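Please read them with the structure open beside you.

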Amino acid sequence: MTTGQAYDLVIIGGGPGGLSAGIYAKRAAMNTVLVEKGVTGGQVVMSDEVENYPGFEHTSGAELAMKFLEHAQAYGLEILSQEVSEVEPGLNHHHVHLADGTTLDTHAVILATGGSPRKLAIPGEDEYYGRGVSYCAVCDGFFFRNKTVVVVGGGDTATEEALYLAKLAAKVYLVHRRDELRASKILQKRVMDDCNIEILWNTVATAIKAGSDGVEAISLEDTLSGEARELPTDGVFIFIGFDPNNEVVPAGVRMNADGYVMTDEKCETAIKGLFAIGDLREKYARQIVISAADGSTAALAAAHYVETQKSSSADSCAIPADLVEESAN
Ligand code: NAP
(Lines give C-alpha, C1' and ligand atoms only; values in the text may rest on other atoms or scores of the structure.)
Protein backbone atom coordinates (compact mmCIF):
# COMPACT_ATOMS: atom_id res chain seq x y z
CA MET A 1 0.00 0.00 0.00
CA THR A 2 1.41 3.41 -0.94
CA THR A 3 0.63 6.60 0.91
CA GLY A 4 -0.56 9.41 -1.29
CA GLN A 5 -0.92 13.11 -0.76
CA ALA A 6 -2.29 14.60 2.44
CA TYR A 7 -5.49 16.60 2.08
CA ASP A 8 -7.67 18.82 4.19
CA LEU A 9 -10.76 17.14 2.78
CA VAL A 10 -11.56 14.02 0.76
CA ILE A 11 -15.04 13.90 -0.79
CA ILE A 12 -16.23 10.43 -1.78
CA GLY A 13 -18.84 10.56 -4.55
CA GLY A 14 -19.37 12.97 -7.43
CA GLY A 15 -23.14 13.53 -7.47
CA PRO A 16 -24.83 16.88 -6.75
CA GLY A 17 -23.95 16.61 -3.04
CA GLY A 18 -20.28 15.80 -3.60
CA LEU A 19 -19.81 18.46 -6.29
CA SER A 20 -21.60 21.09 -4.22
CA ALA A 21 -19.31 20.19 -1.30
CA GLY A 22 -16.36 20.54 -3.68
CA ILE A 23 -17.40 24.05 -4.72
CA TYR A 24 -17.78 25.21 -1.10
CA ALA A 25 -14.57 23.48 0.01
CA LYS A 26 -12.49 25.09 -2.73
CA ARG A 27 -14.02 28.49 -1.97
CA ALA A 28 -12.99 27.91 1.67
CA ALA A 29 -9.42 27.31 0.38
CA MET A 30 -9.33 23.71 1.53
CA ASN A 31 -6.91 21.34 -0.15
CA THR A 32 -9.62 19.01 -1.48
CA VAL A 33 -9.93 15.97 -3.70
CA LEU A 34 -13.14 14.33 -4.89
CA VAL A 35 -12.98 10.58 -5.54
CA GLU A 36 -15.55 9.11 -7.93
CA LYS A 37 -15.56 5.52 -9.23
CA GLY A 38 -18.12 5.98 -12.01
CA VAL A 39 -19.61 8.86 -13.93
CA THR A 40 -19.36 12.26 -12.26
CA GLY A 41 -22.86 13.64 -11.77
CA GLY A 42 -24.36 10.68 -9.93
CA GLN A 43 -27.88 9.30 -10.31
CA VAL A 44 -29.25 12.61 -11.59
CA VAL A 45 -27.51 11.98 -14.92
CA MET A 46 -30.21 9.36 -15.60
CA SER A 47 -33.10 11.83 -15.09
CA ASP A 48 -34.51 12.95 -18.41
CA GLU A 49 -36.32 15.93 -16.99
CA VAL A 50 -35.59 18.02 -13.94
CA GLU A 51 -38.15 20.73 -13.24
CA ASN A 52 -37.67 21.50 -9.57
CA TYR A 53 -34.08 22.67 -9.18
CA PRO A 54 -34.36 26.37 -8.34
CA GLY A 55 -33.29 28.58 -11.22
CA PHE A 56 -33.82 25.81 -13.76
CA GLU A 57 -37.48 25.65 -14.73
CA HIS A 58 -36.73 22.86 -17.14
CA THR A 59 -33.48 20.99 -17.67
CA SER A 60 -32.16 17.45 -17.94
CA GLY A 61 -30.26 15.62 -15.22
CA ALA A 62 -27.23 15.30 -17.49
CA GLU A 63 -27.19 19.04 -18.22
CA LEU A 64 -27.55 19.97 -14.56
CA ALA A 65 -24.80 17.52 -13.57
CA MET A 66 -22.52 19.01 -16.24
CA LYS A 67 -23.12 22.49 -14.81
CA PHE A 68 -22.27 21.27 -11.30
CA LEU A 69 -19.07 19.70 -12.61
CA GLU A 70 -18.03 22.77 -14.61
CA HIS A 71 -18.71 24.98 -11.60
CA ALA A 72 -16.56 22.77 -9.31
CA GLN A 73 -13.78 22.60 -11.89
CA ALA A 74 -13.83 26.38 -12.28
CA TYR A 75 -12.64 26.51 -8.66
CA GLY A 76 -9.94 23.93 -9.43
CA LEU A 77 -11.49 20.93 -7.69
CA GLU A 78 -9.22 17.90 -8.13
CA ILE A 79 -11.16 14.81 -9.23
CA LEU A 80 -9.73 11.30 -8.93
CA SER A 81 -11.33 8.56 -10.99
CA GLN A 82 -10.88 5.77 -8.48
CA GLU A 83 -12.82 3.39 -6.25
CA VAL A 84 -12.60 3.80 -2.50
CA SER A 85 -12.10 0.45 -0.79
CA GLU A 86 -12.07 1.55 2.85
CA VAL A 87 -12.38 4.60 5.06
CA GLU A 88 -10.25 4.20 8.16
CA PRO A 89 -10.97 6.80 10.82
CA GLY A 90 -8.09 8.07 12.94
CA LEU A 91 -7.69 10.46 15.84
CA ASN A 92 -6.01 13.34 14.02
CA HIS A 93 -6.23 12.14 10.43
CA HIS A 94 -8.57 9.84 8.58
CA HIS A 95 -7.25 7.50 5.91
CA VAL A 96 -9.07 6.84 2.64
CA HIS A 97 -7.82 3.66 0.98
CA LEU A 98 -8.26 3.40 -2.77
CA ALA A 99 -8.67 0.22 -4.82
CA ASP A 100 -5.30 0.81 -6.52
CA GLY A 101 -3.54 0.55 -3.14
CA THR A 102 -3.04 4.28 -2.61
CA THR A 103 -3.99 5.83 0.72
CA LEU A 104 -5.11 9.44 1.08
CA ASP A 105 -4.46 11.06 4.48
CA THR A 106 -6.99 13.72 5.32
CA HIS A 107 -8.32 15.82 8.14
CA ALA A 108 -11.94 15.45 7.05
CA VAL A 109 -14.01 13.15 4.86
CA ILE A 110 -17.39 13.78 3.26
CA LEU A 111 -19.23 10.59 2.32
CA ALA A 112 -21.45 11.34 -0.66
CA THR A 113 -21.93 7.87 -2.10
CA GLY A 114 -25.68 8.14 -2.76
CA GLY A 115 -27.89 5.11 -3.32
CA SER A 116 -28.69 2.36 -5.82
CA PRO A 117 -32.00 1.20 -7.32
CA ARG A 118 -33.85 -1.26 -5.08
CA LYS A 119 -34.67 -4.65 -6.54
CA LEU A 120 -37.97 -6.49 -6.51
CA ALA A 121 -36.11 -9.76 -5.89
CA ILE A 122 -38.49 -11.80 -8.04
CA PRO A 123 -37.64 -14.64 -10.45
CA GLY A 124 -36.38 -13.34 -13.80
CA GLU A 125 -35.32 -9.89 -12.53
CA ASP A 126 -31.58 -10.52 -12.41
CA GLU A 127 -31.67 -13.09 -15.18
CA TYR A 128 -33.24 -10.75 -17.76
CA TYR A 129 -31.54 -7.53 -16.71
CA GLY A 130 -30.45 -5.85 -19.94
CA ARG A 131 -32.76 -8.12 -21.96
CA GLY A 132 -35.99 -6.30 -21.12
CA VAL A 133 -35.53 -5.59 -17.41
CA SER A 134 -34.25 -2.07 -16.72
CA TYR A 135 -33.80 0.47 -13.93
CA CYS A 136 -33.37 3.46 -16.28
CA ALA A 137 -35.99 4.61 -18.78
CA VAL A 138 -33.75 7.32 -20.23
CA CYS A 139 -31.01 4.76 -20.90
CA ASP A 140 -33.18 1.97 -22.30
CA GLY A 141 -36.53 3.51 -23.29
CA PHE A 142 -35.41 3.94 -26.88
CA PHE A 143 -35.43 0.15 -27.36
CA PHE A 144 -39.14 0.02 -26.51
CA ARG A 145 -40.50 2.39 -29.15
CA ASN A 146 -44.05 1.34 -30.08
CA LYS A 147 -43.85 -1.60 -27.70
CA THR A 148 -45.61 -2.47 -24.46
CA VAL A 149 -43.83 -1.86 -21.17
CA VAL A 150 -44.61 -2.31 -17.50
CA VAL A 151 -43.37 0.16 -14.90
CA VAL A 152 -43.35 -1.07 -11.30
CA GLY A 153 -43.61 1.46 -8.44
CA GLY A 154 -45.73 4.39 -7.33
CA GLY A 155 -43.25 7.08 -6.29
CA ASP A 156 -41.88 10.17 -8.06
CA THR A 157 -39.34 8.11 -9.98
CA ALA A 158 -41.82 5.50 -11.25
CA THR A 159 -44.32 8.16 -12.38
CA GLU A 160 -41.67 10.35 -14.03
CA GLU A 161 -40.23 7.37 -15.87
CA ALA A 162 -43.71 6.13 -16.86
CA LEU A 163 -44.44 9.56 -18.36
CA TYR A 164 -41.16 9.45 -20.24
CA LEU A 165 -41.85 5.95 -21.56
CA ALA A 166 -45.43 6.91 -22.52
CA LYS A 167 -43.94 9.22 -25.17
CA LEU A 168 -42.12 6.30 -26.79
CA ALA A 169 -43.99 3.10 -26.07
CA ALA A 170 -47.32 1.98 -27.53
CA LYS A 171 -48.66 1.25 -24.03
CA VAL A 172 -47.41 1.69 -20.47
CA TYR A 173 -48.82 -0.23 -17.50
CA LEU A 174 -47.98 1.25 -14.12
CA VAL A 175 -48.10 -1.52 -11.52
CA HIS A 176 -48.55 -0.27 -7.97
CA ARG A 177 -49.07 -2.29 -4.83
CA ARG A 178 -51.55 0.12 -3.21
CA ASP A 179 -54.63 2.10 -4.28
CA GLU A 180 -52.86 5.46 -4.01
CA LEU A 181 -49.63 6.71 -5.56
CA ARG A 182 -46.82 7.97 -3.36
CA ALA A 183 -45.70 10.42 -6.08
CA SER A 184 -46.23 14.18 -5.77
CA LYS A 185 -49.69 15.46 -6.76
CA ILE A 186 -48.47 17.11 -9.95
CA LEU A 187 -46.94 13.85 -11.20
CA GLN A 188 -50.00 11.88 -10.13
CA LYS A 189 -52.20 14.18 -12.21
CA ARG A 190 -49.95 13.90 -15.24
CA VAL A 191 -49.95 10.11 -15.06
CA MET A 192 -53.74 9.95 -14.64
CA ASP A 193 -54.21 12.35 -17.56
CA ASP A 194 -51.93 10.38 -19.88
CA CYS A 195 -54.14 8.13 -21.99
CA ASN A 196 -51.13 5.96 -22.83
CA ILE A 197 -50.66 4.93 -19.19
CA GLU A 198 -52.92 2.42 -17.44
CA ILE A 199 -52.50 2.07 -13.70
CA LEU A 200 -52.93 -1.41 -12.25
CA TRP A 201 -53.82 -0.69 -8.61
CA ASN A 202 -53.30 -3.09 -5.70
CA THR A 203 -51.07 -5.24 -7.85
CA VAL A 204 -47.67 -6.79 -7.26
CA ALA A 205 -45.24 -8.37 -9.71
CA THR A 206 -44.28 -11.94 -8.82
CA ALA A 207 -42.12 -13.06 -11.76
CA ILE A 208 -40.70 -11.92 -15.11
CA LYS A 209 -40.78 -14.33 -18.01
CA ALA A 210 -38.72 -14.25 -21.18
CA GLY A 211 -38.10 -16.06 -24.43
CA SER A 212 -35.09 -16.09 -26.72
CA ASP A 213 -35.68 -12.41 -27.69
CA GLY A 214 -35.97 -11.13 -24.15
CA VAL A 215 -38.87 -10.34 -21.80
CA GLU A 216 -42.28 -11.58 -22.92
CA ALA A 217 -44.53 -11.32 -19.86
CA ILE A 218 -44.84 -10.36 -16.23
CA SER A 219 -46.73 -12.37 -13.63
CA LEU A 220 -48.98 -10.22 -11.46
CA GLU A 221 -51.05 -10.77 -8.35
CA ASP A 222 -54.00 -8.74 -7.11
CA THR A 223 -53.28 -7.95 -3.45
CA LEU A 224 -56.99 -7.77 -2.56
CA SER A 225 -58.38 -10.84 -4.31
CA GLY A 226 -55.15 -12.86 -4.54
CA GLU A 227 -55.95 -13.45 -8.21
CA ALA A 228 -52.88 -14.18 -10.35
CA ARG A 229 -52.49 -13.39 -14.03
CA GLU A 230 -49.89 -12.98 -16.72
CA LEU A 231 -49.55 -9.73 -18.67
CA PRO A 232 -47.67 -9.80 -22.00
CA THR A 233 -44.99 -7.09 -22.12
CA ASP A 234 -41.75 -6.34 -23.93
CA GLY A 235 -40.07 -4.62 -21.02
CA VAL A 236 -40.19 -4.23 -17.25
CA PHE A 237 -38.90 -1.02 -15.67
CA ILE A 238 -38.48 -1.18 -11.90
CA PHE A 239 -38.53 1.99 -9.77
CA ILE A 240 -39.33 1.00 -6.20
CA GLY A 241 -36.91 3.25 -4.36
CA PHE A 242 -33.30 2.72 -3.63
CA ASP A 243 -30.88 1.67 -0.94
CA PRO A 244 -28.00 3.74 0.42
CA ASN A 245 -24.52 2.92 -0.87
CA ASN A 246 -23.06 2.46 2.61
CA GLU A 247 -20.34 -0.11 1.84
CA VAL A 248 -17.47 2.17 2.81
CA VAL A 249 -19.14 3.71 5.88
CA PRO A 250 -16.75 2.75 8.69
CA ALA A 251 -17.69 1.04 11.96
CA GLY A 252 -18.53 3.62 14.61
CA VAL A 253 -20.80 5.64 12.32
CA ARG A 254 -24.44 5.34 13.37
CA MET A 255 -26.90 4.11 10.74
CA ASN A 256 -30.67 3.62 10.95
CA ALA A 257 -32.44 0.31 10.33
CA ASP A 258 -32.52 0.99 6.56
CA GLY A 259 -28.78 1.64 6.41
CA TYR A 260 -28.93 5.45 6.09
CA VAL A 261 -26.23 7.35 7.98
CA MET A 262 -27.41 9.40 10.94
CA THR A 263 -25.82 12.82 11.33
CA ASP A 264 -26.28 16.03 13.25
CA GLU A 265 -27.44 19.25 11.59
CA LYS A 266 -23.91 19.88 10.30
CA CYS A 267 -24.08 16.51 8.47
CA GLU A 268 -21.37 15.25 10.83
CA THR A 269 -21.49 11.59 11.83
CA ALA A 270 -20.71 10.08 15.21
CA ILE A 271 -17.02 10.25 14.17
CA LYS A 272 -15.48 13.72 14.29
CA GLY A 273 -14.40 15.05 10.91
CA LEU A 274 -16.47 12.45 9.06
CA PHE A 275 -19.54 13.82 7.31
CA ALA A 276 -22.35 12.16 5.33
CA ILE A 277 -24.53 13.94 2.81
CA GLY A 278 -27.18 13.47 0.15
CA ASP A 279 -29.00 10.20 -0.41
CA LEU A 280 -26.69 8.35 1.97
CA ARG A 281 -27.90 10.44 4.92
CA GLU A 282 -31.12 9.79 6.83
CA LYS A 283 -33.56 12.55 5.96
CA TYR A 284 -37.20 13.39 5.21
CA ALA A 285 -36.90 13.78 1.42
CA ARG A 286 -34.33 12.98 -1.20
CA GLN A 287 -34.04 15.72 -3.78
CA ILE A 288 -31.19 17.14 -5.88
CA VAL A 289 -31.51 20.48 -4.14
CA ILE A 290 -31.30 18.81 -0.73
CA SER A 291 -28.16 16.88 -1.68
CA ALA A 292 -26.60 20.11 -2.92
CA ALA A 293 -27.58 21.85 0.32
CA ASP A 294 -26.12 18.98 2.36
CA GLY A 295 -22.88 19.35 0.41
CA SER A 296 -22.58 23.02 1.25
CA THR A 297 -23.42 22.44 4.93
CA ALA A 298 -20.88 19.63 5.29
CA ALA A 299 -18.13 21.53 3.47
CA LEU A 300 -18.60 24.62 5.65
CA ALA A 301 -18.62 22.46 8.80
CA ALA A 302 -15.58 20.54 7.53
CA ALA A 303 -13.72 23.81 6.90
CA HIS A 304 -14.39 24.86 10.49
CA TYR A 305 -13.32 21.42 11.76
CA VAL A 306 -10.09 21.43 9.73
CA GLU A 307 -9.24 24.95 10.86
CA THR A 308 -9.75 23.96 14.50
CA GLN A 309 -7.63 20.82 14.03
CA LYS A 310 -4.81 22.78 12.42
CA SER A 311 -4.82 25.59 14.96
CA SER A 312 -4.87 23.17 17.90
CA SER A 313 -1.93 21.21 16.48
CA ALA A 314 -0.13 24.51 15.76
CA ASP A 315 -0.73 25.54 19.40
CA SER A 316 0.71 22.32 20.75
CA CYS A 317 3.76 22.84 18.52
CA ALA A 318 4.19 26.40 19.76
CA ILE A 319 4.43 25.38 23.41
CA PRO A 320 6.73 22.40 23.95
CA ALA A 321 5.17 19.65 26.03
CA ASP A 322 7.81 19.90 28.80
CA LEU A 323 7.08 23.62 29.24
CA VAL A 324 3.37 22.88 29.49
CA GLU A 325 4.13 20.30 32.17
CA GLU A 326 6.40 22.76 33.99
CA SER A 327 3.81 25.51 34.01
CA ALA A 328 1.24 23.03 35.30
CA ASN A 329 3.44 22.21 38.31
P1 NAP B 1 -40.00 6.14 -3.21
O2 NAP B 1 -40.53 7.51 -3.07
O3 NAP B 1 -39.50 5.44 -2.00
O4 NAP B 1 -41.15 5.27 -3.89
C5 NAP B 1 -40.98 3.89 -4.05
C6 NAP B 1 -42.27 3.33 -4.62
O7 NAP B 1 -42.07 1.95 -4.89
C8 NAP B 1 -43.44 3.45 -3.66
O9 NAP B 1 -44.62 3.76 -4.34
C10 NAP B 1 -43.50 2.06 -3.04
O11 NAP B 1 -44.80 1.66 -2.70
C12 NAP B 1 -43.01 1.19 -4.16
N13 NAP B 1 -42.36 0.00 -3.66
C14 NAP B 1 -41.34 -0.09 -2.75
N15 NAP B 1 -40.97 -1.36 -2.57
C16 NAP B 1 -41.76 -2.11 -3.36
C17 NAP B 1 -41.86 -3.50 -3.61
N18 NAP B 1 -41.05 -4.40 -3.01
N19 NAP B 1 -42.79 -3.92 -4.47
C20 NAP B 1 -43.60 -3.03 -5.09
N21 NAP B 1 -43.55 -1.69 -4.91
C22 NAP B 1 -42.64 -1.25 -4.05
O23 NAP B 1 -38.79 6.06 -4.25
P24 NAP B 1 -38.49 6.97 -5.55
O25 NAP B 1 -39.71 7.13 -6.35
O26 NAP B 1 -37.30 6.36 -6.16
O27 NAP B 1 -38.09 8.36 -4.96
C28 NAP B 1 -37.00 8.44 -4.04
C29 NAP B 1 -36.89 9.87 -3.55
O30 NAP B 1 -36.43 10.70 -4.62
C31 NAP B 1 -38.20 10.45 -3.07
O32 NAP B 1 -37.98 11.29 -1.98
C33 NAP B 1 -38.68 11.25 -4.25
O34 NAP B 1 -39.51 12.32 -3.89
C35 NAP B 1 -37.37 11.73 -4.85
N36 NAP B 1 -37.50 11.97 -6.28
C37 NAP B 1 -37.83 13.21 -6.66
C38 NAP B 1 -37.97 13.51 -8.00
C39 NAP B 1 -38.35 14.87 -8.40
O40 NAP B 1 -38.70 15.65 -7.54
N41 NAP B 1 -38.32 15.24 -9.66
C42 NAP B 1 -37.77 12.52 -8.96
C43 NAP B 1 -37.43 11.25 -8.53
C44 NAP B 1 -37.30 10.98 -7.18
P45 NAP B 1 -45.58 2.33 -1.45
O46 NAP B 1 -45.98 3.69 -1.92
O47 NAP B 1 -46.72 1.40 -1.22
O48 NAP B 1 -44.60 2.35 -0.32
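The points below go from the whole chain to single residues.

1. **Basis.** This is a predicted model: local features need pLDDT of at least 70, side-chain atom pairs count only at pLDDT 80 or more, and totals for chains, interfaces and linings use all residues. Residues are numbered from 1 along each chain as its sequence is written, and side-chain values use heavy atoms, with hydrogens and water left out.

2. **Overall make-up.** The chain has 7 helices and 17 strands. Both are DSSP runs numbered from the N terminus: helices are H or I with at least four residues, strands are E with at least two. The C-alpha trace spans about 85 × 35 × 35 Å along its principal axes.

3. Of the 329 residues, 47% count as buried. Buried means under 20% relative accessible area, exposed means over 50%, and partly exposed lies in between (1.4 Å probe, protein chains only). A contact means heavy atoms within 4.5 Å. Among contacts with a separation of 6 or more, 58% come from residues 24 or more positions apart.

4. **Surface and charge.** The accessible surface of the chain is about 16,400 Å², and carbon and sulfur atoms hold 50% of that. Areas come from the Shrake-Rupley method with a 1.4 Å probe; for residues, only the protein chains shown count as cover. There are 26 positive and 47 negative side chains. Lys and Arg count as positive, Asp and Glu as negative; His and the chain ends are not counted. The centres of the two sets lie 6 Å apart, with each charge placed at NZ of Lys, CZ of Arg, CG of Asp or CD of Glu.

5. **The parallel sheet.** What is the strand order in the open sheet of 5 strands? The order is S8-S15-S9-S10-S11, with parallel pairing. Strand S8 (133–134) and strand S11 (197–200) stand at the edges, each with a single partner strand, so one side of each has no neighbour in the sheet. Two strands pair if DSSP finds at least two bridges between them. Strand S10 (residues 171–175) pairs with S11 over 4 bridges, in the parallel sense. Across that pairing, Tyr 173 stands opposite Glu 198 in S11.

6. Strand S4 (residues 84–88) and strand S5 (residues 94–98) run antiparallel, joined by 4 bridges. They form a hairpin with 5 residues between them. Glu 88 has His 95 of S5 as its bridge partner. The hairpin of S5 and S6 has 3 residues between the strands, and Gly 101 in it takes a positive phi near 95°.

7. **Burial of S5.** Why is S5 largely enclosed by the rest of the structure? Because 4 of its 5 residues are buried.

8. **Ala 65.** Ala 65 sits in helix H2 (residues 61–74). At 5% relative accessibility, Ala 65 is buried. Leaving out residues up to four places away in sequence, Ala 65 touches Leu 19, Gly 41, Val 44 and Val 45. Ala 65 and Ser 291 are 226 residues apart in sequence, but 12 Å apart in space, C-alpha to C-alpha.

9. **Positive phi outside glycine.** Ala 121 is not a glycine, yet has a positive phi of about 60°. Ala 121 lies in the loop between strand S7 (115–117) and S8, and is exposed at 70% relative accessible area. Cys 267 also has a positive phi, near 70°. Cys 267 lies in the loop between strand S16 (242–244) and strand S17 (274–276).

10. **Cysteines.** How many disulfides does the model have? The count is 0, where a disulfide is a pair of cysteine sulfur atoms within 2.5 Å. Is Cys 267 buried or exposed? Cys 267 is buried, at 2% relative accessible area. Cys 195 is exposed, at 78%.
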